Amino acid sequence: MKTIKYVLASVMSIALLMNCGGEKKKEEEPSNQLKIKAAEPKKADENVANIVITGNDLMQYHDSNGNPLKEIKIKAGQKVKLTLRHIGTLDKNVMGHNVVILKPGVDMAEFASLASTEKANDYIPVDTQDVIVHTKLIGGGETTTIEFDAPAVGNYTFLCSFPAHFAMMNGIFIVE
């Protein structure tokens with residue numbers, strides 16, 4: 001079997017050498033066609049805040065650099081593209097994560113208590129008026145993204161609404 005592999009490798013090498021070394025380069029013919037430049041890479045839209053958050057099996061949010069996340073800052077008028085990546089391995093029924101941004105004045109603990117009874121709705125109270133926006137609930141290895149317009153200038157609480165996670169997975173969403 002080893003002999004066949006060596007013979008095949010030798011034949012392939014010889015074939016490559018023959019194809020590469022024996023061709024003559026074609027002379028370029030003048031062209032009267034317009035040459036089109038390759039499109040330049042698009043610049044990142046400065047009016048879009050791309051936010052990447054990771055959640056893990058230890059009930060922690062981190063930024064895209066792996067730093068603990070307690071604050072997100074964006075500018076008023078920006079579009080927000082928020083991506084949540086669950087980098088853990090546990091299923092969403094055991095260690096699910098989401099990101100929920102609450103309206104001003106909503107008590108985080110009261111909201112989390114109410115949310116904890118809403119398993120059928122991914123721990124978001126049905127018909128709630130307390131939420132600006134939220135991602136879907138995801139488990140280990142999953143990713144979800146939402147896009148929305150920044151709310152008015154101010155400070156907003158963000159949290160994970162999976163039961164009891166809000167105690168460790170929360171922070172301030174700041175619109176300047």
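**Reading aromatic pairs and cores**

Me: Tyrosine 61 is buried, at a relative accessible area of 4%. What does buried mean here?

Reply: Buried is under 20% relative accessible area, exposed is over 50%, and partly exposed lies in between (1.4 Å probe, protein chains only). This is a predicted model, where local features need pLDDT of at least 70, side-chain atom pairs need 80 or more, and totals for chains, interfaces and linings use all residues. Numbering runs from 1 along each chain as its sequence is written, and side-chain values use heavy atoms, without hydrogens or water.

Me: How many aromatic pairs are there?

Reply: You describe a ring pair by the distance of its centres and the angle of its planes. Phe, Tyr and Trp rings (for Trp, the six-membered one) pair when centres lie within 6.5 Å; planes under 30 degrees apart are stacked, over 60 edge-to-face, the rest tilted. A search of the whole structure gives 3 pairs. One of them is tilted: tyrosine 61 with phenylalanine 158, 5.7 Å centre to centre and 45 degrees between planes. Tyrosine 61 sits in strand E2 and phenylalanine 158 in strand E8, so the pair ties together parts 97 residues apart in sequence. (Strands are DSSP E runs of at least two residues, numbered from the N terminus.) Phenylalanine 158 is buried too, at 0%.

Me: Which residues touch the most other members of the largest nonpolar core?

Reply: Such a core joins buried Ala, Val, Leu, Ile, Met, Phe, Trp, Tyr and Cys residues through side-chain atoms within 4.5 Å. Of 26 residues in the largest one, Ile53, Tyr61, Ile74 and Phe173 touch the most other members. A second, separate core has 8 residues, including Val100 and Val131.

Definitions and conventions. Helices (H or I, at least four residues) and strands (E, at least two) are DSSP runs, numbered from the N terminus.
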